[in-house]
Structure formats: structure tokens, C-alpha cells
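Subject: Handover of a structure and findings

Dear colleague,

Please find the sequence and structure below. The findings follow after it, and I would be grateful if you would read them with the structure open.

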Amino acid sequence: MQKKWLAAACATAFSWALVPVQVSAQEPGQTIDRWTGDVELAYLVKRGNTRSDTINARSQAERDFADWRHQARLDAANAEQRNNSTGDMERSAERYFGAYKIDLKLDGANYLFNLIEAEKDRFTGYDYEASYALGIGRRMFDNDLHRLDLEAGPGYRQRRLEVPDDDGRRKEESALLRVGLRYLLNLSENAQFRQETSTEIEDDATLTRAATSVTSKLNSRLSLRVSHILRHNSDPAPTARSKTDQEVTVGLVYGF
């Protein structure tokens, strides 16, 4: 049943190219010869009955040419909390994530994408996870109010378990289907809503990542951002604590 669903999803993705859409296409020959993006930092300190230190750092950047579009993202999260029994500070979260994506524009709306992602999270039961996907994307609409990109395509994932499985193996490899969504809504001149969601479907598991944020400008360079990050693995490693991880942060953002 799942393989039939995967085939149907791929067919639906490629049918996007047959539907007309109105977008604000870049003028021929126009380029942006620099990276644009932002760097976000959030730091939380608790003292008293509870003692903990949490730091989250994120950076995203984009470079847009007439025919190509480059996007990069880096995330890091670390947290320490006092063990009330021993009084020692213990690591309660440690995660690093990186992604690089290249889009080849076919016309004003359609494009081909190549995406590579890598993640290291000490509390998922894996030493690392890495994946590569390629496929077709479509900018469904793009105007002064909002923008929506939809993507779908096949890919490949490799993982390394922290603890060997029953057969003594630590490496896992699998094919996958990736479906992605990126939505941007300009709430006002100084406020923006952003939603980025991706689902990677394998034969026996589904991995979903979702990042929701609202950003409000303080001045031309600095902004305040409220973010919610969700990660759900339907079939996690045996040593993982939970199928779902969530983060809610309020951070200061510097734009460039």
C-alpha cells in the first residue's frame, strides 16, 4: 500500500508543471551577487530551584541568480541542566544540523532541486544521519503578500546507530521519497510568518521536520523571532527517548 502511495505522490508532483501559475519572475539577466540571510541567537538561563543553560543558534542564507538559486542552513542547540541528586550539570540536549540546496530554474515557476542534509543529535540514538534528495519543485505563487514552494522527489538516507542492532550492524541505508513545503507570508511591513515542512518517507519509517516562525523587525538589521521546531520519527532508534522532539525559542536575529 505504501509503495503505491509513493508512486502516486511522484506522479502528482510531476503534474504540477502542467498547471499554469502567475509568479513574479526575475527579469532576464538580473542577478544578486551576494548572499542574503540572517543569523539568530537565543540564550536561556535558569537559576534557583532549577539550574540550566540553553543556547540555540541558527543561520540561513540564500543567493538568487537568473537560472540558479542557492540556499544554506545551519542549526545548533545545546542545553545543560543540574542533576538535583548529584548537583552536577549534565548535558540534556546537543544537536547540529546543516543543509545545502541548489535549484535549477526551468521557467518562472518550475525548478529542479538538489538537497543534501546532515544531522548529529546525541539523543536520537544515532551517531549521525545524512540524506540526499533530488526532484521537481514549483513556485505556486509569488507576490507582495506571500510565496509558496512545493517540492517532491526521490532520495537516499544513511544512518549510523550509537549501539549495534541485534545483528551487530550499526549502519542503516534506505531509499526515500521527500515532499517539502516552504511558505512565506508578509503580515505587515515589519512582520513575517514562515513555515517550512518536509516529510521523508521510507519503506518502514517516516521522518517529518517542521519549522514555524514569526519575525518582527526592530530596525533595519535587528529582529525578534519566535520559533517552533518539530522533529518526528515514526520508527526511532531503540535507544531514543521519544519519537517527537520540539523546541520553542525566542531569539534575536541579525540580517545581512
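Which strands each supply at least two residues of the lining of the second largest cavity? They are β11 and β12. The paragraphs below place this answer in its setting.

Basis of the values

This is a predicted model, in which local features need pLDDT of at least 70 and side-chain atom pairs count only at pLDDT 80 or more, while totals for chains, interfaces and linings use all residues. Residues are numbered from 1 along each chain as its sequence is written, and side-chain values use heavy atoms, with hydrogens and water left out.

The barrel

The model contains a closed barrel of 12 strands, running from β1 through to β12 in order with antiparallel pairing. Strands here are DSSP runs of E with at least two residues, numbered from the N terminus, and two strands pair if DSSP finds at least two bridges between them. On average, neighbouring strands of this sheet are turned by 20° against each other, direction ignored; the axes are lines fitted to C-alpha atoms, and angles run from 0 to 180 degrees between N-to-C directions.

Strand β1 (residues 36–46) pairs with strand β12 (residues 244–255) in the antiparallel sense over four bridges, and the partner of Glu40 in β12 is Val253. Strand β11 (residues 222–233) is joined to β12 by 11 bridges, again antiparallel, with Ser227 facing its bridge partner Thr249 in β12. Between strand β7 (residues 146–161) and strand β8 (residues 171–186), which run antiparallel, there are 15 bridges; in one of these, Tyr156 has Ala175 of β8 as its partner.

Salt bridges

How many salt bridges does the structure hold? The count is 32, where a salt bridge is a side-chain nitrogen of Lys or Arg within 4 Å of a carboxyl oxygen of Asp or Glu. Three of them are described here.

Asp103 and Arg69 meet through their side chains at 3.1 Å, N to O. Asp103 belongs to strand β4 (residues 89–105) and Arg69 to strand β3 (residues 68–82), so this pair ties together parts that are 34 residues apart in sequence. Both Asp103 and Arg69 are buried (under 20% relative accessible area with a 1.4 Å probe, protein chains only; exposed is over 50% and partly exposed in between).

In a further salt bridge, the side chains of Asp127 and Arg170 come to 2.7 Å, N to O. Asp127 is in strand β6 (residues 126–142) and Arg170 in the loop between β7 and β8, so the contact links parts that are 43 residues apart in sequence. Asp127 is partly exposed, at a relative accessible area of 22%, and Arg170 is partly exposed at 25%.

The side chains of Glu200 and Arg157 form a salt bridge at 2.1 Å, N to O. Glu200 lies in strand β9 (residues 191–201) and Arg157 in β7, so the pair joins parts 43 residues apart in sequence. Both Glu200 and Arg157 are buried.

Cavities and a pocket

Rolling a probe the size of a water molecule over the atoms shows where empty space is left. On a 1 Å grid over the protein atoms alone, a cavity is a set of points where a 1.4 Å probe fits but cannot get out, and a pocket is an open set with protein on both sides within 12 Å along at least five of seven lines; lining residues have an atom within 4 Å of a point. Grid points are joined across faces, edges and corners, and a volume is the space filled by probe spheres set on the points.

There are four cavities of 30 Å³ or more. The largest cavity holds about 210 Å³ of space. Of its 15 lining residues, Arg58, Gln60, Arg73, Ala211 and Arg225 lie nearest its centre. The second largest cavity, with about 60 Å³, has among its lining residues Phe123, Tyr126, Arg231 and Asp245.

The second largest pocket contains about 240 Å³ of space, and of its 15 lining residues the closest to its centre are Arg159, Glu172, Glu202, Asp204 and Asp235. β8 gives the most to this pocket's lining, with four residues.

With kind regards
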